[in-house]
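Here is a short report on how one protein chain is put together. Keep the 3D view open as you read.

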Amino acid sequence: MVKVVTTESRSGAGRARKAASARALKPPPFQPVQLATLVDTVPTGDRWLHEMKYDGYRLLVAVGGGSARAYTRSGLDWSEKFGDITDEAATLAVGSALIDGEAVVMDKNGRSSFQALQGALKGAPASIDFVAFDLLELDGEDLTGLPLKERKAKLRTIVPEGKHRIRFSDHIEGNGEKLLHSFCGAGLEGVISKKADGRYIGSRSGGWLKTKCIKRQEFVVVGWTPSDKSRAFRSLILGVHEDGVLRYAGKVGTGFSMAKILRLMETMNPLEQEVATVKAPRSEVRGAHWLKPKLVAEIAYTEMTNEGTLRHPSYLGLRADKKPEAVVLEKEEPVAEIAAPAESRVKISNRDRIIFPESNITKGQLADHYAAVAAIMLPWVGSRPISLVRCPQGRAKKCFFQKHDAGSFGDTVKHVAILEKDGHEEPYLFVDTADGLLTCVQMGTIEFHGWGARIEDVEKADRLVFDLDPDEGLDFENVRTAAFHFRDILTTIGLETFPMLTGGKGVHVIAPLVPKAEWPEVKDFAHRLAQAVAQSDPDNFTAALPKAQRKGRIFVDYLRNQRGATAVMPYAVRARPEAPVAAPISWKEMETIDAPSHFHIGDAAELVKRAASKALAGWGRADQTLPDL
């Protein structure tokens, strides 16, 4: 028997009193969302909660101070598109809240439809509901470290009963296979299974799994074939990224009304180009009109052929919330492996090999560090193009940077295709699971460096990083003073920041950003700010690139803020003596911290504990954009 779980009873009056007494809070900033891994069957056991898989747009709804905002999974502010939802969210009896859920359009039988949602966005937004399934923050308190069952219990108390735009997503414990069978029989999309005791991690951690009734996913529209009966198209030509390369995935010629065809033709015309972006059999794309790979379409299909093309595809609609670079082929993972207890599937060979000879730290200890900090590191490094510092024989031997890969790392390390200056695409590495981190360690990686943007949109920065690099002879007291001075300057222009110990010589001063500004604007801003600081205090700062001009001063390295540049990631180990670890800290801690190499391998438990503390809440979350200089 499927047992519906009821969470703690609501006390509307109590909640209203608590909200009334809470200090005025503004809507919490966006933070990366937790993602689900596609698996071949529903996991078993009572430690899993199972929810309906909704067919809509993922949204984070931020509430506070009598207003609300709605963000897409990549951080875009879509509050105007979902005005009815944000209007109702603003009336919730809370001081502030950050709610994770899905924007949907439901029919009378409780089925959500992506196509209906697209139609509603064009003309009937009042029919769009928001199904809330997680609560990340409430009245200024970060809840991401709590078990899922506790977060949902708190969420249940703030979601109104009855017919409202905002609804609570019920769940069951256990019996997931039976639930999937009933959902598939009712024509629903599938089941999302979540670890009941899992904390919220803004990446694809393995704690959330999805099982689908029908196969569907996003594909890049790379062209169209003409119709012999009209001036419109006959089918769309599709592509998907595999190992960082866009490849041909077949054509779709069904699922279109005449109105959709006309809208698509209007959208595609400005994107036409002479050159094909995929290699396809000539007989299948005869007379094709090729497009710049800018459009993403949701496609349903029965299966993938041995040649890698879709069988019986059907068009569902365009997705404006996903970027083509992030479109990769989802493959069903064996649930027995993905849902296994915490032990990693990655086997670390030669665990006793000495990686840090001055302190006898081994490869096994390095792997254990990354396994321990994965939950707090993945929200930073996950789903972000990365460069690895690989030292296969240890840090004292030959080390090298690596940012591309042709597949030698295996399935746990992913690729995102990024356009280079000469117009061709290259596969950049990224990870989004603990196993991905450990695979890199198994391949000799010590350090992880990341772009200032996520794979959802590599052209828009989600942070500013200023590396305060001291000249030889300057001690950490000089760096500390410089960091506070730099913080105060950024505060005066409206940017809140936090410091990060690099594990090297200096400190990074980091300002999280809403991913809105593109790289040329970000680079120009960082350059001008660094120059202004150097000109206002030339005795202590310089923005000059030649090392000869940095004598006795702090170099404000602004070059991290450009397309393709990387910075060391939080909780990454450095390939330096004694294995120091990069770590974000609070400005209060910055007053007394002793060195940028304060933390080392062996401090993982302390780092995890610190990351959950209230004093450090808010790292990596952004509600700020570039100000005017």
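## Sheets, helices and domains

Strand E27 (residues 463–470) and strand E31 (residues 554–557) pair in the antiparallel sense, over 4 bridges. Leu468 has Val556 of E31 as its bridge partner. Keep in mind that this is a predicted model.

Strands of a sheet pair through backbone hydrogen bonds, either parallel or antiparallel. E27 and E31 belong to an open sheet of 6 strands, in the order E30-E31-E27-E29-E28-E33. Its pairing is mixed. Strand E30 (541–542) and strand E33 (583–584) stand at the edges. Each has a single partner strand, so one side of each is left without a neighbour in the sheet.

Another open sheet has 5 strands, in the order E1-E11-E10-E2-E9. Here, too, the pairing is mixed. The edges are strand E1 (37–38) and strand E9 (172–173). Each pairs with a single strand, so one side of each has no neighbour in the sheet. Strand E2 (residues 48–52) and strand E10 (residues 190–195) are antiparallel partners over 5 bridges. His50 stands opposite Ser193 in E10.

| Helix | Strands it lies across | Angle |
|---|---|---|
| H10 (residues 476–492) | E27, E28, E29, E30, E31 | about 150° to E27 |
| H4 (residues 148–158) | E2, E9, E10 | about 45° to E2 |
| H5 (residues 176–185) | E2, E9, E10, E11 | about 155° to E10 |

Helices also meet helices. Two packed helices are described by the angle between their axes and the distance between the axes. How do helix H8 (residues 363–381) and helix H13 (residues 604–611) cross? Their axes come within 9 Å and cross at roughly 5°. Angles under 35 degrees count as roughly parallel, and H8 and H13 are therefore roughly parallel to each other. On H8, the contact is made by His369, Ala372, Val373 and Ile376. On H13, Ala604, Leu607, Val608 and Ala611 take part. Of the residues in this contact, 7 are nonpolar, 1 is polar and none is charged.

Now look at the whole chain. It is divided into domain 1 (35–212), domain 2 (216–326) and domain 3 (354–616). The C-alpha centres of domain 1 and domain 3 lie 33 Å apart. Between these two domains, 9 residues of domain 1 are in contact with 10 residues of domain 3. The area buried between domain 1 and domain 3 is about 970 Å². Carbon and sulfur atoms give 58% of that area. Which three residues supply more than any other three of the area that domain 1 buries against domain 3? They are Ser74, Arg199 and Arg204, with 36%.

Definitions and conventions:
Residues are numbered from 1 along each chain as its sequence is written. This is a predicted model: local features need pLDDT of at least 70, side-chain atom pairs count only at pLDDT 80 or more; totals for chains, interfaces and linings use all residues. Side-chain values use heavy atoms; hydrogens and water are left out. Two strands pair if DSSP finds at least two bridges between them. Helices (H or I, at least four residues) and strands (E, at least two) are DSSP runs, numbered from the N terminus. Contact means heavy atoms within 4.5 Å. Axes are lines fitted to C-alpha atoms, for helices over the stretch in contact, and angles run from 0 to 180 degrees between N-to-C directions. Angles under 35 degrees count as roughly parallel, over 145 as roughly antiparallel, 65 to 115 as roughly perpendicular and the rest as oblique. Ala, Val, Leu, Ile, Met, Phe, Trp, Tyr, Cys and Pro count as nonpolar, Asp, Glu, Lys and Arg as charged, and the others, Gly among them, as polar. Domain bounds come from an automatic or database domain assignment. Buried area is the accessible area (1.4 Å probe) that two parts lose on being put together, summed over both.
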